[in-house]
Amino acid sequence: MSDTIEKIKCLIIGSGPAGYTAAIYAARADMKPVMYTGMEPGGQLTTTTEVDNFPGYPEGIDGPTMMIQLQQQAERFGTEVRIGMVTAVEFSKEKGGWHKITVDGSKEVIAQTVIISTGATAKYLGLPSEQKLRGGGVSACAVCDGFFYRNQDVAIVGAGDTAAEEATYLANICKSVTMLVRKDVMRASKAMQHRVENTPNLKVLFNTEVEEVVGDQVVEGLKMINNATGEKSEIAITGLFIAIGHKPNTDIFKGQLDMDETGYLITSGKTTKTNLPGVFASGDVQDKEYRQAITAAGSGCMAALDAERYLATLH
């Protein structure tokens with residue numbers, strides 16, 4: 001092994017709430033963490049305007065500011081935050097082995113422990129009008145942003161359990177919810193379908209797709225098309241929620257780490273341990289259930305503690 005290659009005690013991949021919390025704990029444990037931020041420094045929260053559900057902010061805080069503060073807190077204890085994208089990994093299968101990490105396609109480092117906090121990316125419809133109004137009424141998280149649409153008319157796109165759950169959640173706080181399902185049936189479980197059917201202010205439109213999100217600065221309405229009849233229609237809404245799934249950012253780990261059929265990393269029991277020694281996963285990359293900033297932060301803390309305990313067993 002070359003002496004010139006940089007050796008890192010604790011390498012953190014990703015810079016959302018999970019990554020930064022892991023960094024804070026790892027730095028305080030003298031693990032001298034190095035973090036590579038990835039393409040979206042700050043993670044999904046940087047695309048969110050107001051964060052009102054993270055404890056400790058009685059007035060709320062905007063996502064980008066919160067991530068800057070988390071970074072400053074991690075750096076205060078000695079975390080080295082580097083702008084860069086991890087493009088390849090070669091994990092050791094041996095306990096105590098060094099993990100080889102390639103950054104930006106060329107730079108190589110080796111690490112004793114790796115904490116993966118690469119998150120998941122919400123899937124969107126891909127319409128220009130939808131992308132233009134992200135943060136202006138278009139959201140991929142009803143639990144995060146539904147509160148801002150209290151007593152207003154909103155729509156949700158999706159047909160699975162998550163979409164059904166978010167639709168009924170929104171129905172509790174919004175005046176009306178229109179659910180757009182692309183096919184003539186819902187994919188959601190029968191129990192969730194019954195819950196949708198029994199919610200009076202929730203209407204389901206089958207065979208319906210969004211043609212355009214209407215609005216200049218904020219969402220004002222939807223242009224829709226019935227894909228069976230070709231009939232076009234419009235509704236006035238102030239919020240559009242996309243619930244067509246998430247894609248975990250795990251492509252570079254394929255073939256080395258255990259994942260489920262959608263690509264979420266599998267961790268052991270209540271820990272953040274992956275199937276390889278010294279490699280840990282925290283946040284949305286391994287959590288498809290909760291997907292909240294606070295749960296991601298909690299698992300980032302767990303990953304740093306797991307990594308610290310792992311290092312202690314090597315001496």
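Tutor: What follows goes through the salt bridges and then the cysteines.

This is a predicted model, in which local features need pLDDT of at least 70 and side-chain atom pairs count only at pLDDT 80 or more, while totals for chains, interfaces and linings use all residues. Residues are numbered from 1 along each chain as its sequence is written, and side-chain values use heavy atoms, with hydrogens and water left out.

Side chains of opposite charge can pair when their charged atoms come close. A salt bridge is counted here when a side-chain nitrogen of Lys or Arg lies within 4 Å of a carboxyl oxygen of Asp or Glu. The count by this rule is ten salt bridges. One of them joins Lys107 to Glu6, with 3.6 Å between the closest N and O atoms. Lys107 belongs to strand S8 (residues 107–116) and Glu6 to strand S1 (residues 6–13), so that this pair links distant parts of the chain, 101 residues apart. Strands here are DSSP runs of E, at least two residues long, and are numbered from the N terminus.

How exposed are the two partners, Lys107 and Glu6? Lys107 has a relative accessible area of 40% and is partly exposed; Glu6, at 25%, is partly exposed as well. In these terms, buried means under 20% relative accessible area, exposed means over 50%, and partly exposed is in between (1.4 Å probe, protein chains only).

Another salt bridge pairs Arg82 with Glu80, and here the closest N and O atoms are 2.7 Å apart. Arg82 counts as buried because its relative accessibility is 15%, whereas Glu80, with a relative accessible area of 39%, is partly exposed.

Asp251, at 46% relative accessibility, counts as partly exposed. Lys254 counts as exposed because its relative accessibility is 51%.

The cysteines come next. A disulfide is a covalent bond between the sulfur atoms of two cysteines; in the model, the criterion is a pair of cysteine sulfur atoms within 2.5 Å. The structure holds one disulfide, formed by Cys141 and Cys144 with their sulfur atoms 2.1 Å apart. The link of Cys141 and Cys144 is right-handed, with 70° about the S-S bond. Its two ends fall into separate accessibility classes: Cys141 is buried at 15%, and Cys144 is partly exposed, with a relative accessible area of 25%.

Cys10 is in no disulfide, and the nearest cysteine sulfur, that of Cys301, is 13 Å away. Cys10 counts as buried because its relative accessibility is 0%. Cys301 is likewise in no disulfide, its nearest cysteine sulfur being that of Cys10, 13 Å away. Cys301 is buried too, at 16% relative accessibility.

Conventions:
Helix = DSSP H or I, 4+ residues; strand = E, 2+ residues; numbered from the N terminus.
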